[in-house]
Amino acid sequence: MDKQELHKADVEIENWIAFQQGDQRAYSRIYQAYFTRLYNYGNKFTSDKSLVEDCIQDLFIRLWQNRSQHVVPASVRNYLFKSLRNILFNKITSRKETLASMEEDNDMAFQLVLSPEMDIIQVHDLEERHRQLTRALEELTQRQKEALFLKFYEGLSYEEISQVISITVKGTYKLVARALEVLHNSLKKIFLLINFFLVWLATPLIP
Amino acid sequence: MKKEIQAYEHYTVTEFLEDEYFQQWVRQPDQETDEFWHEWLKKYPHKLGEITEARSLLERLQFQTDTPSDESRNRVWQNIVAANQVFDQQLESASTGKVITLYSFRYLRQLAAAVVLLVIGAAGYLFLQNSTQQQYDTAFGEVKTVVLPDGSTVKLNANSTLRFPAKWTPAGLREVWLEGEAYFSVKHTQNHQRFVVHLTDSTQVEVLGTKFTAFQRKRGTRVVLASGKVKFDIERVTGNREVYLKPGEMIESMEKSSDFAKKATDPTQFSAWIERKLVFHNVPLPEVLAVLEETYGMQITVADSSLLQKRVWGSAPMEDEGVVLKGLSKTFGWRFTRKGNQVLLSGSGK
């Protein structure tokens, strides 16, 4: 963390303490700062948008009602992510227990989709890589996908991810490493192809 | 996190990929990381291939974002604030209540003053309170939670509307108007305020504090009680009628039967939609189709009237509007064709 980030974290913690003392504006700032990110994260677990909204609502109501009991978290973001995750999991599992579903349930499945290529260069190679990567992404386990999301979308460290998803740091490292390996292998084939293509192009020139 | 410059000498592509300092350079570069890695490449130029390969993967990991609408951001916030206000008020009244019992005589004078202030305050509150109504609607396939001014909660089923005054007086009637279907968890207040759900012009449900499902659509009216006690009022030209329900009892007047009949039932059957499930326990097909029409806005036509005799068992997640139709066609071997919200259901043919 650089100085600027440290300062930001300090301001956030100060704001959190104000909220715990009953400052409604500080509370509202937390909501405004995190609603979009929590919404985005939550919607990766279920296709039911109103369920995610309900869970965020629950999360913030609980925060306010138990504000005096909370300890100041080391990181507000990680604390909120972890809490939302727990609430969401509880709701989804209780829903599953109450009723046996007719078709296979896709809930709890982490949906991670690559955004379309930023640069719309219609180069075959780019498209092919995008396709390969998308395919490889689908092969990953739910946890691997979630870890990738937290690592590369949210920019969490291995340690922070381990706190949010409640596994060891070592386990988190392995999770991300394995996921990257799968993704890398999918692209490797293309790299090999390109290299092969270049060699093939080059050979006739060698006497 | 940052290692010595030599530490990376024998790194493979995979090792670069997993390294947080390398990731940081690709994903959130700053001057420091930029300088470090350029310096490093000058020292180990033969590693350019590995670096490029690792970079090209990490650069590609851009994931899609689910962006909420402003409407949902505001609605969720309003619900939160409403629930918290109620909580804070209860907390306050609980603590002031304690003070009065402990020091009631010594502080009689202050108490009298406080009462006067309270009365003035209440009058002002009543004066300020305007008749503005709050309205909540749900789209097809959507379920919403609404927190009422008294902290009671209402789960609003798909394709439904709930209206109530924006503010309630602390002593007056708690009134809401429902079109569609909703599950009420009504809080019992200390002063036993009545809570009334208006269904049609001539029917209403009255409670003090309980949990129940109320249904009011074209098809008819139904109230199912999960816990507590409710009074169901029917206004008639021939004289008004009051029916009391006990937990596990329901009263309904659906389609053909014009009169209200009370019967015993399993209340969970009528509140499965809260869990965003459609549940049918031995339900006649016409009713199943009516539920699909109400929930998803489909218009279902049945080509073969013999199908209507069937009864249906099953449950399905609400999010996917096709599941029930698919389930029916699989179980009974029926076919359905769909154009927009028009659905045609036909038998197996042969």
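Of the 17 residues of helix H3(A), 13 are buried, so this helix is largely enclosed by the rest of the structure. Buried means under 20% relative accessible area, exposed means over 50%, and partly exposed lies in between (1.4 Å probe, protein chains only). The model is predicted: local features need pLDDT of at least 70, side-chain atom pairs count only at pLDDT 80 or more, and totals for chains, interfaces and linings use all residues. Residues are numbered from 1 along each chain as its sequence is written, chains are lettered from A and ligands numbered from 1 in the order in which they are written, and side-chain values use heavy atoms, with hydrogens and water left out.

**Helix H3 of chain A**

- H3(A) covers residues 49-65; at 1.5 Å a residue its 17 residues should span 24 Å, and the end C-alpha atoms are 25 Å apart, which agrees. The expected span is 1.5 Å times one less than the number of residues.
- Helices (H or I, at least four residues) and strands (E, at least two) are DSSP runs, numbered from the N terminus.
- Ser50(A) lies in this helix. It counts as buried at 10% relative accessibility.
- Ser50(A) touches Glu142(B), Val143(B) and Arg276(B), not counting residues up to four places away in sequence. Contact means heavy atoms within 4.5 Å.
- Asp54(A) is buried, with a relative accessible area of 6%.
- The side chain of Asp54(A) meets that of Lys155(B) in a salt bridge (3.4 Å, N to O). This pair crosses between chains, from helix H3 of chain A to strand S3 (residues 153-156) of chain B.
- Asp54(A) also meets Arg276(B) in a salt bridge (3.9 Å, N to O). A salt bridge is a side-chain nitrogen of Lys or Arg within 4 Å of a carboxyl oxygen of Asp or Glu.

**Where the chains meet**

- Chain B gives 48 residues to the contact, and chain A gives 63.
- Together they bury about 5,200 Å², 57% of it on carbon and sulfur atoms. Buried area is the accessible area (1.4 Å probe) that two parts lose on being put together, summed over both.
- Arg60(B), Phe63(B) and Arg73(B) supply 15% of the area that chain B buries against chain A, more than any other three residues.
- Six salt bridges are counted between chain B and chain A.
- Across this interface, 26 residue pairs are in polar contact (both at pLDDT 80 or more). A polar contact is a pair of N or O atoms within 3.5 Å; within protein, one must be able to donate a hydrogen and the other to accept it, and residues adjacent in sequence count only if both atoms are side-chain atoms.
- H5(B) provides the largest share of the side of chain B that touches chain A, eleven residues.

**Nonpolar cores**

- The largest nonpolar core has 77 residues; Phe60(A), Leu148(A) and Trp37(B) touch the most other members. Such a core is a set of buried Ala, Val, Leu, Ile, Met, Phe, Trp, Tyr and Cys residues joined through side-chain atoms within 4.5 Å.
- A second, separate core of 29 residues includes Tyr136(B), Val205(B), Leu225(B) and Leu245(B).
- Trp37(B) touches Tyr8(B), Phe16(B), Tyr21(B), Phe22(B), Trp25(B) and Ile51(B), not counting residues up to four places away in sequence.

**Chain B**

- Chain B has eight helices and 18 strands. Of its 350 residues, 45% count as buried.
- Six of the eight residues of H2(B) are buried, so this helix is largely enclosed by the rest of the structure. Among them are Tyr21(B), Phe22(B) and Trp25(B).
- At the start of H2(B), a side-chain oxygen of Asp19(B) reaches to within 3.0 Å of the backbone nitrogen of Tyr21(B).
- Glu252(B) is found in strand S12 (residues 249-254). It counts as buried at 15% relative accessibility.
- The side chain of Glu252(B) makes a polar contact with that of Lys263(B) (3.2 Å).

**Salt bridges in chain B**

- Over all chains, the whole structure has 24 salt bridges.
- Glu71(B) forms one with Arg75(B), the closest N and O atoms being 3.1 Å apart. Being four residues apart in helix H5, Glu71(B) and Arg75(B) are separated by about one helical turn.
- Glu71(B) is partly exposed at 46% relative accessibility, whereas Arg75(B) is buried at 8%.
- Arg194(B), Glu206(B), Lys231(B), Asp233(B) and Glu242(B) are linked in a network of salt bridges.
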